[in-house]
Amino acid sequence: MAQQYILAIDQGTTSSRAILFDLQGNIEGVAQQELTLHYPHNGWVEQDPEDIWRDTQAVCRDVLEQSDVRPVQVLAIGITNQRETTVVWDRATGKPLYNAIVWQDRRTAELCQSLKKHESMVQQKTGLLLDPYFSGTKIKWILDNVPGAREKAKRGELAFGTIDSFLLWRLTGGKVHATDVTNASRTLIYNIVKQEWDSELLAMLDIPRSMLPEVKDNSCLFGKTTADFLGAEIPVTGMAGDQQAALVGQACFNAGMVKSTYGTGCFALMNIGKNFRVSKNKMLTTVGYRLNGEVTYALEGSIFSAGSAVQWLRDGLGIIKAAAETEALAQSVPDNGGVYMVPGFTGLGAPYWNPQARGALLGLTRGTTAAHIVRAALEAQAYQTQDLLRAMAEDAGAPIAEIRVDGGMAKNGWVCQFLADITATPVLRPAITETTALGAAYLAGLQAGAFTSLEEIGKGWNCEHRFIPSMPPETQQKLYAGWQHAVRQVLA
Ligand code: ADP
(Lines give C-alpha, C1' and ligand atoms only; values in the text may rest on other atoms or scores of the structure.)
Protein backbone atom coordinates (compact mmCIF):
# COMPACT_ATOMS: atom_id res chain seq x y z
CA MET A 1 0.00 0.00 0.00
CA ALA A 2 1.20 3.52 -0.76
CA GLN A 3 2.55 5.47 2.20
CA GLN A 4 -0.15 7.40 4.11
CA TYR A 5 -0.09 10.88 5.58
CA ILE A 6 -2.01 13.26 7.79
CA LEU A 7 -2.63 16.76 6.50
CA ALA A 8 -2.70 19.47 9.16
CA ILE A 9 -4.27 22.81 8.31
CA ASP A 10 -2.84 25.51 10.59
CA GLN A 11 -4.83 28.65 9.96
CA GLY A 12 -2.95 31.28 12.01
CA THR A 13 -3.31 35.02 12.46
CA THR A 14 -0.46 35.99 10.17
CA SER A 15 -0.46 33.03 7.81
CA SER A 16 -2.27 29.93 6.63
CA ARG A 17 -0.20 26.78 6.49
CA ALA A 18 -0.64 23.21 5.40
CA ILE A 19 1.75 20.67 6.83
CA LEU A 20 1.95 17.08 5.76
CA PHE A 21 3.00 14.57 8.43
CA ASP A 22 3.83 10.92 8.01
CA LEU A 23 2.19 8.53 10.47
CA GLN A 24 5.20 8.77 12.81
CA GLY A 25 4.68 12.53 13.17
CA ASN A 26 7.59 13.59 10.91
CA ILE A 27 7.14 16.54 8.58
CA GLU A 28 6.96 15.62 4.90
CA GLY A 29 6.12 19.05 3.47
CA VAL A 30 5.01 22.59 4.36
CA ALA A 31 3.20 25.21 2.29
CA GLN A 32 2.40 28.69 3.56
CA GLN A 33 0.66 31.92 2.55
CA GLU A 34 0.90 35.23 4.42
CA LEU A 35 -2.49 36.65 5.36
CA THR A 36 -3.47 40.31 5.21
CA LEU A 37 -4.73 41.98 8.36
CA HIS A 38 -6.92 45.08 8.09
CA TYR A 39 -6.96 47.84 10.71
CA PRO A 40 -10.00 49.97 9.75
CA HIS A 41 -10.00 51.97 13.03
CA ASN A 42 -7.88 52.33 16.13
CA GLY A 43 -8.02 48.97 17.92
CA TRP A 44 -10.01 47.23 15.17
CA VAL A 45 -8.48 44.16 13.49
CA GLU A 46 -10.17 42.30 10.63
CA GLN A 47 -9.48 39.69 7.97
CA ASP A 48 -11.37 38.72 4.85
CA PRO A 49 -12.79 35.20 5.36
CA GLU A 50 -12.60 34.65 1.59
CA ASP A 51 -8.81 35.26 1.78
CA ILE A 52 -8.63 32.67 4.54
CA TRP A 53 -10.60 30.13 2.49
CA ARG A 54 -8.66 30.81 -0.73
CA ASP A 55 -5.28 30.53 1.01
CA THR A 56 -6.30 27.39 2.88
CA GLN A 57 -7.24 25.64 -0.35
CA ALA A 58 -4.06 26.84 -2.06
CA VAL A 59 -1.67 25.69 0.67
CA CYS A 60 -3.33 22.26 0.91
CA ARG A 61 -3.01 21.74 -2.84
CA ASP A 62 0.54 23.11 -2.86
CA VAL A 63 1.83 20.87 -0.09
CA LEU A 64 0.50 17.72 -1.80
CA GLU A 65 1.96 18.77 -5.11
CA GLN A 66 5.36 19.70 -3.67
CA SER A 67 5.56 16.45 -1.73
CA ASP A 68 4.30 14.41 -4.66
CA VAL A 69 1.58 12.90 -2.50
CA ARG A 70 -1.76 11.89 -4.04
CA PRO A 71 -5.02 12.85 -2.28
CA VAL A 72 -5.90 9.19 -1.69
CA GLN A 73 -2.73 8.90 0.40
CA VAL A 74 -4.12 11.43 2.88
CA LEU A 75 -5.58 9.34 5.67
CA ALA A 76 -7.15 12.25 7.51
CA ILE A 77 -7.15 16.02 7.97
CA GLY A 78 -6.61 17.88 11.24
CA ILE A 79 -7.52 21.54 11.61
CA THR A 80 -6.03 24.03 14.03
CA ASN A 81 -6.74 27.73 13.95
CA GLN A 82 -6.38 31.19 15.40
CA ARG A 83 -9.00 31.12 18.15
CA GLU A 84 -11.85 33.52 18.99
CA THR A 85 -11.75 35.16 15.53
CA THR A 86 -15.40 35.43 14.59
CA VAL A 87 -17.22 34.83 11.32
CA VAL A 88 -20.97 35.08 10.75
CA TRP A 89 -22.26 33.77 7.44
CA ASP A 90 -25.50 33.23 5.60
CA ARG A 91 -26.53 29.57 5.68
CA ALA A 92 -28.15 29.74 2.24
CA THR A 93 -25.32 31.39 0.32
CA GLY A 94 -22.36 30.51 2.56
CA LYS A 95 -21.28 34.17 2.26
CA PRO A 96 -19.91 35.99 5.32
CA LEU A 97 -21.97 39.02 6.38
CA TYR A 98 -18.93 40.92 7.54
CA ASN A 99 -15.17 40.51 7.70
CA ALA A 100 -13.76 38.11 10.27
CA ILE A 101 -13.29 40.08 13.50
CA VAL A 102 -9.87 39.00 14.70
CA TRP A 103 -9.19 38.01 18.31
CA GLN A 104 -6.99 41.07 18.81
CA ASP A 105 -9.86 43.44 17.97
CA ARG A 106 -10.84 45.81 20.79
CA ARG A 107 -14.06 47.34 19.42
CA THR A 108 -16.23 45.78 22.10
CA ALA A 109 -14.22 47.18 25.03
CA GLU A 110 -17.08 49.45 26.14
CA LEU A 111 -19.62 46.66 25.86
CA CYS A 112 -17.41 44.46 28.04
CA GLN A 113 -17.10 47.28 30.56
CA SER A 114 -20.89 47.65 30.72
CA LEU A 115 -21.24 43.91 31.46
CA LYS A 116 -18.61 43.84 34.24
CA LYS A 117 -21.21 43.15 36.93
CA HIS A 118 -21.67 39.71 35.35
CA GLU A 119 -17.96 38.88 35.33
CA SER A 120 -18.00 36.49 38.26
CA MET A 121 -20.91 34.51 36.74
CA VAL A 122 -19.11 34.46 33.38
CA GLN A 123 -15.90 33.21 34.99
CA GLN A 124 -17.66 30.46 36.96
CA LYS A 125 -19.24 29.13 33.76
CA THR A 126 -16.67 29.78 31.05
CA GLY A 127 -13.38 30.21 32.92
CA LEU A 128 -12.96 33.48 30.98
CA LEU A 129 -13.01 37.16 31.92
CA LEU A 130 -15.03 39.92 30.26
CA ASP A 131 -12.65 41.12 27.60
CA PRO A 132 -13.17 41.97 23.91
CA TYR A 133 -10.72 39.13 23.12
CA PHE A 134 -13.44 36.45 23.15
CA SER A 135 -15.97 35.76 20.38
CA GLY A 136 -19.26 36.47 22.18
CA THR A 137 -19.19 40.27 22.12
CA LYS A 138 -17.87 40.17 18.54
CA ILE A 139 -20.94 38.16 17.46
CA LYS A 140 -23.17 40.69 19.18
CA TRP A 141 -21.35 43.53 17.42
CA ILE A 142 -22.02 41.99 14.00
CA LEU A 143 -25.70 41.37 14.82
CA ASP A 144 -26.09 44.94 16.10
CA ASN A 145 -24.15 46.71 13.35
CA VAL A 146 -24.59 44.89 10.05
CA PRO A 147 -27.90 46.05 8.52
CA GLY A 148 -30.51 43.30 8.61
CA ALA A 149 -28.27 40.85 10.49
CA ARG A 150 -30.36 40.55 13.64
CA GLU A 151 -33.58 39.89 11.73
CA LYS A 152 -31.84 37.22 9.64
CA ALA A 153 -30.40 35.64 12.77
CA LYS A 154 -33.85 35.55 14.38
CA ARG A 155 -35.16 33.75 11.31
CA GLY A 156 -32.39 31.14 11.72
CA GLU A 157 -30.68 32.15 8.49
CA LEU A 158 -27.23 32.85 9.94
CA ALA A 159 -24.41 30.68 11.22
CA PHE A 160 -21.64 31.69 13.60
CA GLY A 161 -18.29 30.02 13.64
CA THR A 162 -14.72 30.49 14.70
CA ILE A 163 -12.26 29.83 11.87
CA ASP A 164 -12.23 26.04 12.40
CA SER A 165 -15.98 25.96 12.02
CA PHE A 166 -15.99 28.25 8.99
CA LEU A 167 -13.33 26.10 7.27
CA LEU A 168 -15.17 22.88 8.12
CA TRP A 169 -18.36 24.33 6.62
CA ARG A 170 -16.52 25.22 3.42
CA LEU A 171 -14.53 21.97 3.28
CA THR A 172 -17.71 19.90 3.57
CA GLY A 173 -19.54 21.99 1.00
CA GLY A 174 -21.87 23.48 3.62
CA LYS A 175 -22.89 20.09 5.01
CA VAL A 176 -21.41 20.34 8.49
CA HIS A 177 -21.76 23.18 10.99
CA ALA A 178 -19.67 22.05 13.93
CA THR A 179 -16.78 23.12 16.10
CA ASP A 180 -14.63 21.42 18.71
CA VAL A 181 -14.82 22.02 22.42
CA THR A 182 -11.54 23.96 22.72
CA ASN A 183 -12.70 26.53 20.19
CA ALA A 184 -16.15 26.65 21.81
CA SER A 185 -14.48 27.27 25.16
CA ARG A 186 -13.22 30.65 23.88
CA THR A 187 -16.55 32.11 22.82
CA LEU A 188 -17.84 33.42 26.18
CA ILE A 189 -21.15 31.59 25.58
CA TYR A 190 -20.07 27.99 26.18
CA ASN A 191 -20.33 26.56 29.68
CA ILE A 192 -17.15 24.50 30.13
CA VAL A 193 -18.34 22.95 33.39
CA LYS A 194 -21.60 21.59 31.96
CA GLN A 195 -20.17 21.30 28.42
CA GLU A 196 -23.04 23.08 26.68
CA TRP A 197 -23.99 26.40 25.10
CA ASP A 198 -25.30 28.44 28.03
CA SER A 199 -28.78 30.02 27.92
CA GLU A 200 -27.98 32.73 30.46
CA LEU A 201 -24.87 33.82 28.55
CA LEU A 202 -26.70 33.75 25.23
CA ALA A 203 -29.41 35.95 26.75
CA MET A 204 -26.80 38.33 28.20
CA LEU A 205 -25.37 38.87 24.71
CA ASP A 206 -28.67 38.51 22.84
CA ILE A 207 -27.33 35.76 20.57
CA PRO A 208 -29.88 33.33 19.05
CA ARG A 209 -29.09 29.66 19.67
CA SER A 210 -29.92 28.83 16.05
CA MET A 211 -26.60 30.40 14.96
CA LEU A 212 -24.43 28.04 16.94
CA PRO A 213 -22.40 25.06 15.70
CA GLU A 214 -22.55 21.59 17.21
CA VAL A 215 -19.71 21.09 19.70
CA LYS A 216 -17.62 17.92 19.38
CA ASP A 217 -14.63 16.17 20.98
CA ASN A 218 -11.20 17.10 19.61
CA SER A 219 -10.73 13.73 18.03
CA CYS A 220 -13.75 12.37 16.13
CA LEU A 221 -15.23 12.32 12.64
CA PHE A 222 -16.18 15.92 11.95
CA GLY A 223 -17.15 15.30 8.33
CA LYS A 224 -15.65 14.57 4.93
CA THR A 225 -14.29 17.12 2.50
CA THR A 226 -15.99 17.42 -0.86
CA ALA A 227 -14.16 15.53 -3.59
CA ASP A 228 -13.45 18.72 -5.51
CA PHE A 229 -11.38 20.15 -2.63
CA LEU A 230 -8.37 17.90 -3.21
CA GLY A 231 -9.63 15.26 -5.58
CA ALA A 232 -10.82 12.71 -3.01
CA GLU A 233 -13.24 12.80 -0.07
CA ILE A 234 -11.01 13.01 2.98
CA PRO A 235 -12.24 12.69 6.57
CA VAL A 236 -11.60 15.58 8.97
CA THR A 237 -10.93 13.76 12.24
CA GLY A 238 -9.12 16.25 14.45
CA MET A 239 -9.73 19.84 15.41
CA ALA A 240 -8.49 22.16 18.15
CA GLY A 241 -7.75 25.83 18.70
CA ASP A 242 -4.09 26.63 18.07
CA GLN A 243 -2.99 26.89 21.71
CA GLN A 244 -4.71 23.70 22.76
CA ALA A 245 -3.29 21.95 19.68
CA ALA A 246 0.16 23.11 20.80
CA LEU A 247 -0.52 21.68 24.28
CA VAL A 248 -1.17 18.33 22.58
CA GLY A 249 1.77 18.77 20.15
CA GLN A 250 4.03 19.45 23.16
CA ALA A 251 2.66 16.33 24.85
CA CYS A 252 1.70 18.22 28.02
CA PHE A 253 -0.58 15.41 29.14
CA ASN A 254 0.07 15.50 32.89
CA ALA A 255 -1.15 18.05 35.41
CA GLY A 256 1.48 20.73 36.03
CA MET A 257 3.07 20.56 32.56
CA VAL A 258 3.40 23.94 30.81
CA LYS A 259 3.87 25.00 27.20
CA SER A 260 4.36 28.54 25.97
CA THR A 261 3.90 29.46 22.32
CA TYR A 262 5.48 32.60 20.83
CA GLY A 263 3.65 33.48 17.63
CA THR A 264 1.77 36.71 17.00
CA GLY A 265 0.82 36.63 20.68
CA CYS A 266 2.21 34.51 23.50
CA PHE A 267 0.08 31.89 25.18
CA ALA A 268 1.16 29.82 28.13
CA LEU A 269 -1.03 26.86 29.04
CA MET A 270 -0.73 24.63 32.07
CA ASN A 271 -2.47 21.27 32.20
CA ILE A 272 -4.53 21.21 35.45
CA GLY A 273 -6.16 17.80 35.02
CA LYS A 274 -9.78 16.73 35.13
CA ASN A 275 -11.22 19.28 37.56
CA PHE A 276 -12.46 22.74 36.58
CA ARG A 277 -10.92 25.43 38.76
CA VAL A 278 -11.20 29.20 38.56
CA SER A 279 -7.96 31.20 38.73
CA LYS A 280 -7.45 33.57 41.63
CA ASN A 281 -4.80 35.44 39.68
CA LYS A 282 -6.52 36.52 36.48
CA MET A 283 -5.52 33.53 34.43
CA LEU A 284 -8.18 31.94 32.26
CA THR A 285 -9.47 28.42 32.71
CA THR A 286 -10.04 26.68 29.43
CA VAL A 287 -10.57 23.25 27.94
CA GLY A 288 -7.17 21.71 27.18
CA TYR A 289 -8.72 18.85 25.22
CA ARG A 290 -11.70 16.49 25.37
CA LEU A 291 -11.29 12.91 24.24
CA ASN A 292 -14.08 10.32 24.43
CA GLY A 293 -16.14 12.87 26.34
CA GLU A 294 -13.52 13.29 29.08
CA VAL A 295 -12.29 16.85 29.64
CA THR A 296 -8.78 17.89 30.63
CA TYR A 297 -8.67 21.51 31.75
CA ALA A 298 -5.87 24.04 31.44
CA LEU A 299 -4.98 27.38 32.95
CA GLU A 300 -4.03 29.91 30.33
CA GLY A 301 -2.17 33.17 30.31
CA SER A 302 -2.80 35.09 27.10
CA ILE A 303 -0.51 37.86 25.92
CA PHE A 304 -1.71 39.74 22.87
CA SER A 305 1.60 40.95 21.43
CA ALA A 306 4.74 38.83 21.20
CA GLY A 307 5.91 38.27 17.61
CA SER A 308 3.75 41.20 16.57
CA ALA A 309 6.23 43.43 18.44
CA VAL A 310 8.91 42.09 16.10
CA GLN A 311 6.64 42.66 13.11
CA TRP A 312 6.20 46.23 14.27
CA LEU A 313 10.00 46.68 14.42
CA ARG A 314 10.07 45.53 10.80
CA ASP A 315 6.94 47.09 9.30
CA GLY A 316 6.14 50.03 11.60
CA LEU A 317 9.53 51.26 12.74
CA GLY A 318 11.55 49.82 9.85
CA ILE A 319 14.68 49.14 11.95
CA ILE A 320 14.97 45.51 10.82
CA LYS A 321 14.30 43.85 7.49
CA ALA A 322 13.56 40.35 8.80
CA ALA A 323 12.54 38.89 12.16
CA ALA A 324 15.62 36.66 12.29
CA GLU A 325 17.91 39.75 12.46
CA THR A 326 16.71 40.44 15.99
CA GLU A 327 18.85 37.69 17.51
CA ALA A 328 22.18 39.20 16.45
CA LEU A 329 21.03 42.75 17.19
CA ALA A 330 19.94 41.89 20.74
CA GLN A 331 23.30 40.22 21.31
CA SER A 332 25.23 43.19 19.93
CA VAL A 333 24.59 45.26 23.07
CA PRO A 334 25.68 44.20 26.56
CA ASP A 335 22.29 45.00 28.13
CA ASN A 336 19.00 46.81 27.47
CA GLY A 337 20.55 50.20 28.33
CA GLY A 338 17.56 50.86 30.60
CA VAL A 339 15.10 50.62 27.71
CA TYR A 340 11.83 48.71 28.23
CA MET A 341 9.12 48.04 25.70
CA VAL A 342 5.60 47.36 26.92
CA PRO A 343 4.04 45.86 23.77
CA GLY A 344 0.45 46.82 24.50
CA PHE A 345 -0.35 47.53 20.83
CA THR A 346 -3.87 46.14 21.21
CA GLY A 347 -4.25 46.54 24.96
CA LEU A 348 -2.78 44.33 27.66
CA GLY A 349 -3.96 40.77 28.27
CA ALA A 350 -3.15 38.54 31.22
CA PRO A 351 -2.71 39.33 34.02
CA TYR A 352 -3.61 43.02 33.51
CA TRP A 353 -6.64 42.76 31.22
CA ASN A 354 -6.68 46.38 30.17
CA PRO A 355 -8.12 46.79 26.65
CA GLN A 356 -7.57 50.58 26.72
CA ALA A 357 -3.83 50.38 27.45
CA ARG A 358 -1.47 51.01 24.54
CA GLY A 359 2.19 50.22 23.98
CA ALA A 360 5.15 52.24 25.25
CA LEU A 361 8.91 52.53 24.97
CA LEU A 362 10.44 53.79 28.20
CA GLY A 363 13.90 54.76 29.36
CA LEU A 364 15.12 56.28 26.08
CA THR A 365 18.31 58.35 26.24
CA ARG A 366 20.60 59.89 23.61
CA GLY A 367 22.63 56.69 23.91
CA THR A 368 19.70 54.47 22.86
CA THR A 369 20.26 52.65 19.58
CA ALA A 370 18.11 50.47 17.35
CA ALA A 371 19.76 47.44 18.97
CA HIS A 372 18.49 48.51 22.42
CA ILE A 373 14.95 48.85 21.08
CA VAL A 374 15.16 45.43 19.41
CA ARG A 375 16.50 43.97 22.62
CA ALA A 376 13.71 45.58 24.63
CA ALA A 377 11.12 44.02 22.28
CA LEU A 378 12.62 40.55 22.79
CA GLU A 379 13.16 40.98 26.53
CA ALA A 380 9.50 41.96 26.89
CA GLN A 381 8.50 38.42 25.91
CA ALA A 382 10.37 36.97 28.85
CA TYR A 383 8.99 39.51 31.31
CA GLN A 384 5.44 38.95 30.07
CA THR A 385 5.92 35.20 30.46
CA GLN A 386 7.25 35.67 33.98
CA ASP A 387 4.06 37.60 34.84
CA LEU A 388 2.07 34.55 33.73
CA LEU A 389 4.23 31.91 35.38
CA ARG A 390 4.09 33.69 38.71
CA ALA A 391 0.30 33.80 38.53
CA MET A 392 0.01 30.17 37.43
CA ALA A 393 2.41 28.89 40.07
CA GLU A 394 0.36 30.69 42.71
CA ASP A 395 -2.88 29.18 41.37
CA ALA A 396 -1.29 25.73 41.22
CA GLY A 397 0.38 26.07 44.64
CA ALA A 398 3.65 24.74 43.21
CA PRO A 399 6.55 26.13 41.19
CA ILE A 400 6.71 25.35 37.49
CA ALA A 401 9.30 22.69 36.72
CA GLU A 402 9.98 23.47 33.05
CA ILE A 403 8.55 25.31 30.06
CA ARG A 404 8.15 23.70 26.63
CA VAL A 405 8.36 26.46 24.00
CA ASP A 406 7.35 26.71 20.36
CA GLY A 407 6.08 29.21 17.78
CA GLY A 408 7.95 31.39 15.29
CA MET A 409 9.81 33.33 17.98
CA ALA A 410 11.10 30.20 19.73
CA LYS A 411 13.51 29.80 16.80
CA ASN A 412 15.35 32.71 18.38
CA GLY A 413 17.90 31.12 20.73
CA TRP A 414 18.59 34.41 22.47
CA VAL A 415 14.93 34.75 23.39
CA CYS A 416 14.84 31.19 24.77
CA GLN A 417 17.95 31.73 26.91
CA PHE A 418 16.72 35.08 28.23
CA LEU A 419 13.38 33.44 29.01
CA ALA A 420 15.11 30.73 31.04
CA ASP A 421 17.13 33.41 32.86
CA ILE A 422 14.20 35.70 33.75
CA THR A 423 11.85 32.90 34.77
CA ALA A 424 14.65 30.92 36.47
CA THR A 425 13.10 27.85 34.85
CA PRO A 426 14.57 25.44 32.26
CA VAL A 427 13.20 26.11 28.77
CA LEU A 428 12.84 23.10 26.47
CA ARG A 429 12.62 23.50 22.71
CA PRO A 430 11.33 20.42 20.87
CA ALA A 431 12.84 18.88 17.76
CA ILE A 432 9.63 19.65 15.85
CA THR A 433 8.70 23.28 16.49
CA GLU A 434 5.56 23.08 14.33
CA THR A 435 3.84 21.84 17.47
CA THR A 436 0.50 23.46 16.72
CA ALA A 437 0.15 21.60 13.44
CA LEU A 438 1.62 18.48 15.01
CA GLY A 439 -1.06 18.60 17.72
CA ALA A 440 -3.78 18.80 15.06
CA ALA A 441 -2.18 15.86 13.24
CA TYR A 442 -2.02 13.83 16.48
CA LEU A 443 -5.70 14.52 17.18
CA ALA A 444 -6.67 13.56 13.63
CA GLY A 445 -4.41 10.50 13.78
CA LEU A 446 -5.89 9.31 17.08
CA GLN A 447 -9.31 9.01 15.47
CA ALA A 448 -7.96 7.69 12.17
CA GLY A 449 -6.00 4.92 13.88
CA ALA A 450 -2.48 6.23 13.22
CA PHE A 451 -1.84 6.69 16.97
CA THR A 452 -3.30 4.57 19.72
CA SER A 453 -3.00 6.73 22.84
CA LEU A 454 -1.69 9.94 24.40
CA GLU A 455 1.01 7.85 26.10
CA GLU A 456 2.29 6.70 22.72
CA ILE A 457 2.30 10.31 21.49
CA GLY A 458 4.09 11.49 24.63
CA LYS A 459 6.89 8.99 24.10
CA GLY A 460 7.56 10.47 20.66
CA TRP A 461 8.22 13.99 22.04
CA ASN A 462 11.90 14.92 21.57
CA CYS A 463 13.81 17.85 23.05
CA GLU A 464 16.14 19.62 20.60
CA HIS A 465 17.66 22.10 23.10
CA ARG A 466 17.41 22.65 26.83
CA PHE A 467 18.12 26.26 27.91
CA ILE A 468 19.33 26.32 31.52
CA PRO A 469 18.92 29.47 33.66
CA SER A 470 22.30 31.08 34.28
CA MET A 471 21.62 34.70 35.28
CA PRO A 472 22.57 35.83 38.78
CA PRO A 473 19.36 36.30 40.85
CA GLU A 474 20.20 39.98 41.60
CA THR A 475 20.35 40.78 37.88
CA GLN A 476 17.14 38.87 37.23
CA GLN A 477 15.32 40.69 40.02
CA LYS A 478 16.61 44.09 38.92
CA LEU A 479 15.55 43.55 35.31
CA TYR A 480 12.12 42.23 36.23
CA ALA A 481 11.57 45.12 38.63
CA GLY A 482 12.33 47.48 35.74
CA TRP A 483 9.62 45.78 33.68
CA GLN A 484 7.08 46.00 36.52
CA HIS A 485 7.85 49.69 36.85
CA ALA A 486 7.33 50.18 33.09
CA VAL A 487 3.96 48.37 33.17
CA ARG A 488 2.83 50.50 36.11
CA GLN A 489 3.59 53.62 34.09
CA VAL A 490 1.57 52.32 31.13
CA LEU A 491 -1.39 51.41 33.33
CA ALA A 492 -1.26 54.81 35.04
P1 ADP B 1 1.25 32.84 14.09
O2 ADP B 1 1.01 31.35 14.16
O3 ADP B 1 0.65 33.62 15.22
O4 ADP B 1 0.90 33.41 12.76
P5 ADP B 1 4.11 32.10 14.09
O6 ADP B 1 4.22 31.04 15.11
O7 ADP B 1 4.25 31.75 12.67
O8 ADP B 1 2.84 33.05 14.30
O9 ADP B 1 5.27 33.14 14.46
C10 ADP B 1 5.47 34.26 13.68
C11 ADP B 1 5.97 35.40 14.56
O12 ADP B 1 7.25 35.08 15.07
C13 ADP B 1 6.07 36.67 13.77
O14 ADP B 1 5.42 37.69 14.50
C15 ADP B 1 7.57 36.94 13.68
O16 ADP B 1 7.83 38.31 13.81
C17 ADP B 1 8.14 36.16 14.85
N18 ADP B 1 9.47 35.60 14.56
C19 ADP B 1 9.77 34.69 13.61
N20 ADP B 1 11.09 34.39 13.63
C21 ADP B 1 11.64 35.12 14.61
C22 ADP B 1 12.97 35.25 15.15
N23 ADP B 1 14.00 34.56 14.68
N24 ADP B 1 13.13 36.11 16.19
C25 ADP B 1 12.10 36.80 16.70
N26 ADP B 1 10.84 36.70 16.25
C27 ADP B 1 10.61 35.88 15.23
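How do the residues of the lining of the second largest pocket divide into nonpolar, polar and charged? The answer is seven nonpolar, eleven polar and four charged. Keep in mind throughout that this is a predicted model. Here are my notes, point by point.

1. **The second largest pocket.** Helix α11 is the top contributor here, giving six residues to the lining.

2. **The largest pocket.** If you're setting up a grid, this is the other site to look at: the largest pocket holds about 1100 Å³ of space. It is lined by 38 residues, with Tyr-262, Gly-263, Gly-407, Gly-408 and Met-409 closest to the centre. By class, the lining splits into 20 polar, eleven charged and seven nonpolar residues.

3. **What builds the largest pocket.** Several elements put at least two residues each into this lining: the strands β2 (15-22), β3 (27-34) and β15 (258-262), along with the helices α10 (242-249), α11 (307-316), α12 (325-331) and α15 (435-448). Of the elements, α11 has the largest share, with four residues. Helix α11 turns up again at the second largest pocket, where it gives the most to the lining.

4. **How α11 sits against α13.** The axes of α11 and α13 come within 9 Å and cross at roughly 165°. Angles over 145 degrees count as roughly antiparallel, and therefore that is the label for α11 and α13. Their crossing is right-handed. On the α11 side the contact uses Ala-309, Val-310 and Leu-313, while α13 brings Ile-373, Val-374, Ala-377, Leu-378 and Gln-381. Sorted by class, the contact has seven nonpolar residues, one polar and no charged.

5. **α13 again, now with α17.** Helix α13 (residues 370-396) also packs with helix α17 (residues 473-491): the axes come within 10 Å and cross at roughly 90°. That makes the two helices, α13 and α17, roughly perpendicular. From α13, the residues involved are Ala-380, Tyr-383, Gln-384, Gln-386, Asp-387 and Arg-390, and they meet Gln-476, Leu-479, Tyr-480, Trp-483 and Gln-484 of α17. The class breakdown for this contact is five nonpolar, four polar and two charged residues.

6. **α1 and α6.** One more helix pair: α1 (residues 49-67) and α6 (residues 163-171) pack at about 60°, with the axes 11 Å apart. The helices α1 and α6 are therefore oblique to each other, and their crossing is right-handed. Pro-49, Glu-50, Ile-52, Trp-53 and Thr-56 of α1 are in contact with Ile-163, Phe-166, Leu-167, Arg-170 and Leu-171 of α6. Counting classes gives seven nonpolar, one polar and two charged residues.

7. **The cavities.** The structure has two cavities of 30 Å³ or more. The largest cavity holds about 70 Å³ of space, and 14 residues line it, with Ile-303, Leu-348, Gly-349, Ala-350 and Gln-384 nearest the centre. That lining counts eight nonpolar, five polar and one charged. Note that Gln-384 is also one of the α13 residues that meet α17.

8. **The second cavity.** The second largest cavity has about 40 Å³ of space. Its lining consists of Lys-116, Glu-119, Leu-129, Leu-130, Asp-131, Lys-282 and Trp-353. In class terms that is three nonpolar, no polar and four charged residues.

9. Which residues does a cis peptide bond join? They are Ala-350 and Pro-351, with omega at about -5°. Pro-351 belongs to the loop between β19 (340-342) and β20 (360-362), and Ala-350 is among the residues nearest the centre of the largest cavity. Then there is Glu-84, which is not a glycine but has a positive phi of about 70°. Glu-84 is in the loop between β5 (74-81) and β6 (86-90). For context, most residues other than glycine have a negative phi, and most peptide bonds are trans.

Note on methods. Residues numbered from 1 in each chain as written. Predicted model: local features only at pLDDT ≥ 70, side-chain atom pairs only at ≥ 80, totals over all residues. Heavy atoms only, no water. 1 Å grid on protein atoms, 1.4 Å probe; cavity = no way out; pocket = protein on both sides within 12 Å on 5 of 7 lines; lining within 4 Å. Points joined across faces, edges and corners; volume = space filled by probe spheres on them. Nonpolar A, V, L, I, M, F, W, Y, C, P; charged D, E, K, R; others polar. Axes fitted to C-alpha atoms, helices over the stretch in contact; angles between N-to-C directions. Parallel < 35°, antiparallel > 145°, perpendicular 65-115°, else oblique. Left-handed = near helix turned anticlockwise from the far one by under 90°. Contact = heavy atoms within 4.5 Å.
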